[in-house]
Amino acid sequence: MSVARSGPRKLPRQERSRATVDRILEAAARVLIAYGYDGASTNRIARAAGVSPGSLYQYFSDKDAITSAVVDRLAEEISVNVSAVFRTMAGRSAEDGTRAALTTLVDALAPQADLLRIAVEQVPRFGEADRLGALLERARDLVYHQLLANQDRLRRHDLDTTTWFVVHTATQLTIRYTVDRPPIPADRFVDELSRLLLGYVYRD
């Protein structure tokens, strides 16, 4: 069962307040990476942010609210990257576009590997659907139109089903690759996943 989400107590309307919230969230990300969710505390986060616990509690009710906001921010950054990734497919052949998109996605997620690991572990606790929904919706729309442009080559003509499998396979496997760091070179991962997706989608 997921915990009910709790956002900031006070919306940061002033520039100074927004800067404080940004500082708290950046510090929280560092603390989560260094100590994990269980080792992170509001006092530790406040010290890392250079604010008093009282100032922190003006904006966040507890550690769960801070972690929720950190994961939201990470999900939004990934969502923007996913949108950019799948746009690289436009105007390319299916083969070149798929490899280019996967390469860009791997490169975009790599710098976030440590925080992404925390997010993957904590997302179920805070409600996975809320955070991944917007991200996957962007990717789904872009992939759907790419498939539509190449529908004469498709193995199956149920575009909704094909799109769902492509988007979830590409994003989830790339996230797991980033988080697990298996002994597989990035270029080989891209090649293997490209063959998997292209073989599923297109006729020979």
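The following legends describe close-up views of a predicted model.

Local features are reported at pLDDT of at least 70 and side-chain atom pairs only at pLDDT 80 or more, whereas totals for chains, interfaces and linings use all residues. Residues are numbered from 1 along each chain as its sequence is written, and side-chain values use heavy atoms, with hydrogens and water left out.

**View A. The buried side of helix 2.** Helix 2 spans residues 42-49 (helices are DSSP runs of H or I with at least four residues, numbered from the N terminus). T42, I45, A46 and A49 are buried in this helix (buried: under 20% relative accessible area; exposed: over 50%; partly exposed: in between; 1.4 Å probe, protein chains only). They lie on the same side of helix 2 because they cover an arc of only 100 degrees around the axis, the arc being that of the directions from the helix axis to the C-beta atoms. G50 follows helix 2 and has a positive phi, near 75 degrees.

**View B. The aromatic cluster of W164, F165 and Y200.** Ring pairs link these three residues into a cluster (rings of Phe, Tyr and Trp, the last by its six-membered ring, pair if their centres lie within 6.5 Å; planes under 30 degrees apart are stacked, over 60 edge-to-face, and the rest tilted). The ring centres of W164 and F165 are 5.2 Å apart and their planes stand at 85 degrees, so this pair is edge-to-face. The rings of F165 and Y200 form a tilted pair, with centres 5.7 Å apart and planes at 55 degrees. Because F165 belongs to helix 8 (residues 159-180) and Y200 to helix 9 (residues 186-201), the latter pair ties together parts that are 35 residues apart in sequence. W164 is partly exposed at 45% relative accessibility, as are F165 at 40% and Y200 at 25%.

**View C. Charges over tyrosine rings.** The charged end of K63 sits over the ring of Y37, 4.1 Å from its centre (criterion: NZ of Lys or CZ of Arg within 6 Å of the ring centre and within 35 degrees of the ring normal). The charged end of R153 is placed over the ring of Y202, at 4.6 Å from its centre.

**View D. Helix 2 and its end.** Among the buried residues of helix 2 is A49, and the helix is followed by G50.

Technical notes:
Helix = DSSP H or I, 4+ residues; strand = E, 2+ residues; numbered from the N terminus.
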